Amino acid sequence: MSYGQEPGGPEQHRDGKPDGRQYPGGQYPGGQQPGNGQQYGGWERPGQQYPAGYQPPQPMTPEDQRLWATLTHVGGIFFNILVPLVAYLVLRDRGQFVREHTRVALNFHITMAIAYFAGGLTSVLGVGFLVIAAAAIVSIVFGIMAAIAANQGQFYKYPLSIEFFKP
């Protein structure tokens, strides 16, 4: 018997029953539980979406969803694509309202990033500076309008936005 093992081996307790204490999350070496003949690879068990010990994201209250949707739109004004991207990746499973607002903000700010890039390329011709100025004004005005709508609990769809991420 090696160090730390009880009689009956590491998979069984003294009375011959499986000992769940020794394997976190009920996992056994090789992914097989003793006695039942079923094999699971790692944490993939029927009906289990997350690994053992992980808590799925909890839905936010409507007030929190409105707050985060508003902050996503305002953050998009100052940081263009960065804030909507992070908000979409982090908050999309926390509620339908915040999911929709982060999705439309991300789509709009990707479109604005394309406009800034096109303006940068054509600035050599002199026209690009007008494109960059127009994109900045459009981003500020529509971002404020979207933030106000989100704060009031209303959905908002940006005009001039390409749908990269569909609902």
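Colleague: Which residues form one aromatic cluster?
Modeller: This is a predicted model, in which local features need pLDDT of at least 70 and side-chain atom pairs count only at pLDDT 80 or more, while totals for chains, interfaces and linings use all residues. Residues are numbered from 1 along each chain as its sequence is written, and side-chain values use heavy atoms, without hydrogens and water. One aromatic cluster is formed by Phe108, Phe142, Tyr156 and Tyr158.

Colleague: How many aromatic pairs does the structure hold, and what is the angle between the planes of phenylalanine 97 and phenylalanine 155?
Modeller: The structure holds 5 aromatic pairs (Phe, Tyr or six-membered Trp ring centres within 6.5 Å; planes under 30 degrees apart are stacked, over 60 edge-to-face, the rest tilted). Phenylalanine 97 and phenylalanine 155 make a tilted pair, 5.2 Å centre to centre, with the planes at 55°.

Colleague: Is phenylalanine 155 buried or exposed?
Modeller: Phenylalanine 97 has 13% relative accessibility and therefore counts as buried (under 20%; exposed is over 50%, partly exposed in between; 1.4 Å probe, protein chains only). With a relative accessible area of 54%, phenylalanine 155 is exposed.

Colleague: What angle lies between the planes of tyrosine 156 and tyrosine 158?
Modeller: Tyrosine 156 and tyrosine 158 are both buried. They form an edge-to-face pair, 5.3 Å centre to centre, with an angle between the planes of 85°.
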